[in-house]
Amino acid sequence: MYYKSYSNPIITNYNYSADGDRISNKIDNEKHKVANSCVSLTELPDIKMGVVVKQGSKTLIEVRNEEEEITSDKFYIDYTNGFIYLHESLNGKEISVSYNGMG
């Protein structure tokens, strides 16, 4: 058996329309508790639609460059695997995430 067939441990079941087109569904206010400066989303986010992250009444700013420093008011999202990376000062706090989930 070829070893590279197991290189991606994430199994994704995408959402499809009745016509067979891949679609994304709106997910509002998905609650998560930050642990180790990271959060795993329930579905993969649609990069075309973006992600909104709120901590309390404060809306955080998305950083698109993974080399940019993440401060307490910024976050970086891995659209391929559905992980949000946040500043360590948010550990143990609850955030609310709104996005379009692809499955």
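Reader: Which strand does Gly 101 lie in?

Author: Gly 101 lies in strand 10. Strands are DSSP runs of E with at least two residues, numbered from the N terminus. Before we go on, please note that this is a predicted model, in which local features need pLDDT of at least 70 and side-chain atom pairs count only at pLDDT 80 or more, while totals for chains, interfaces and linings use all residues. Residues are numbered from 1 along each chain as its sequence is written, and side-chain values use heavy atoms, with hydrogens and water left out.

Reader: Why is Gly 101 called buried?

Author: Buried means under 20% relative accessible area, exposed over 50%, and partly exposed in between (1.4 Å probe, protein chains only). Gly 101 has a relative accessible area of 0%, so the word buried applies.

Reader: Which residues is Gly 101 in contact with, leaving aside neighbours within four places in sequence?

Author: Contact means heavy atoms within 4.5 Å. With those neighbours left aside, the contacts of Gly 101 are Asn 15, Ile 23, Ser 24, Asn 25, Ile 27, Glu 43 and Leu 44. The C-alpha atoms of Gly 101 and Pro 45 are 4.7 Å apart, although 56 residues separate the two along the chain.

Reader: What makes His 32 buried or exposed?

Author: His 32, which lies in strand 3 (residues 25-33), has a relative accessible area of 13%, and therefore counts as buried.

Reader: What does the side chain of His 32 make a polar contact with?

Author: Its partner is the side chain of Glu 30, at 2.6 Å. A polar contact is a pair of N or O atoms within 3.5 Å; within protein, one must be able to donate a hydrogen and the other to accept it, and residues adjacent in sequence count only if both atoms are side-chain atoms.

Reader: Why do strand 4 and strand 7 stand at the edges?

Author: Two strands pair if DSSP finds at least two bridges between them. The open sheet has 4 strands in the order 4-9-8-7, with mixed pairing. Strand 4 (38-40) and strand 7 (61-63) each have a single partner strand, so one side of each is left without a neighbour in the sheet.

Reader: How do you know that strand 4 and strand 9 pair?

Author: They are joined by 3 bridges, in the antiparallel sense. Within this pairing, Val 39 stands opposite Ile 84 in strand 9.
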